[in-house]
Amino acid sequence: MTPIISVNTLCLTPAPLPQQVALIAELGATAISPQREQLSQFGATQARRLFQETGLSVSLVTHRAFGFTTPTEATKQRDRLMATIDMAQEVNAAAVCMTSGPRGAMDWREAMQRFADEISPCAEYALAAGIDLGLEPTSHLYADASMAHRLSDAVALARAAEIKVGIDLFACWTDSDITEAIAAAGPMCAFVQLSDYVMGDRALPCRAVPGDGALPMEHLFQLIFSTGYCGPVDLEIIGPRLAAEGHKIGLRRAITYTEKIIQAISRYD
């Protein structure tokens, strides 16, 4: 099975959802990854019809952080995440992409257990709905949104919470244990997110079109596909490089490059 390449709407200039959908379809992509706020504002039922009319499947819905450091915040965030799960189910998405939220004053292992306890009702709700909750690693500069800054951290949190993991290669490609972390993440991976990093960039967001930077793409995908992963590869290219080049040109290059990488790896199998 060949993984589906999707375009995350976070790549695009903010615009009404129909306008973004039209652009993604024009690029030749077959899948989209919208933000939960877009579905909430546009209406999940209307969005499902729009995606179907355009011929786009939905790889994931971007949820962002699950705050859990206080009981009040956790209750609020459970309601919000369950609403996202409902919208994801309505648009036939395969997964919800999320971060853990910050750990506050707790040490890491205490926070891991608190996160697992607080998200447990949502994990059960998602399982019943047939939606994967995929926890992704993030840069330490997003400590306000996550306590998982290495892929192995995300795997540990996801296991504790009995949810899935997402492999955002931009966030974790420099991990010292990336080979072992991908091997652990592969069997529980809901999605892979892809962008590149150009050496010398210092300010986030600084994601580049795949193939333009330093990530060893073919090696990383060999590691991922060797685990048996065949889920979506979601392009999440955020920042001034794509905007300067032009979204259409840059995303077309990204799709073409990613297709070539996947085809090259498939020939080894």
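Here are a few friendly notes on one helix pair and on the aromatic rings of this predicted model.

1. Start with helices H5 (residues 108–129) and H6 (residues 151–161). Their axes lie 8 Å apart, and the two helices pack at an angle of about 50 degrees. H5 and H6 are therefore oblique to each other, and their crossing is right-handed.

2. Next, look at who touches whom. From H5 come Trp108, Met112, Phe115, Ala116, Ile119 and Ala123, which meet Asp153, Ala156, Leu157, Ala160 and Ala161 of H6. By type, this contact of H5 with H6 has 10 nonpolar residues, no polar ones and 1 charged.

3. Now for the rings: searching the whole structure gives 4 aromatic pairs. One of them joins Phe170 and Tyr197 in an edge-to-face arrangement, with 6.3 Å from centre to centre and 70 degrees between the planes. Phe170 belongs to helix H7 (residues 169–172) and Tyr197 to strand E9 (residues 196–197), so this pair ties together parts that are 27 residues apart in sequence. Both Phe170 and Tyr197 are buried.

4. Phe221 and Phe225 also pair up, this time tilted, at 5.4 Å centre to centre and 55 degrees between the planes. Both sit in helix H9 (residues 217–225), 4 residues apart, or about one turn of the helix. Phe221 has 1% relative accessibility and so counts as buried; Phe225, at 12%, counts as buried too.

5. Finally, Phe66, Phe68 and Phe115 make up one aromatic cluster. You have met Phe115 already, among the H5 residues that meet H6.

Notes:
Residues numbered from 1 in each chain as written. Predicted model: local features only at pLDDT ≥ 70, side-chain atom pairs only at ≥ 80, totals over all residues. Heavy atoms only, no water. Axes fitted to C-alpha atoms, helices over the stretch in contact; angles between N-to-C directions. Parallel < 35°, antiparallel > 145°, perpendicular 65-115°, else oblique. Left-handed = near helix turned anticlockwise from the far one by under 90°. Contact = heavy atoms within 4.5 Å. Nonpolar A, V, L, I, M, F, W, Y, C, P; charged D, E, K, R; others polar. Phe/Tyr/Trp six-rings, centres within 6.5 Å; stacked < 30°, edge-to-face > 60°. Buried < 20%, exposed > 50% of the residue type's maximum accessible area, 1.4 Å probe, protein only.
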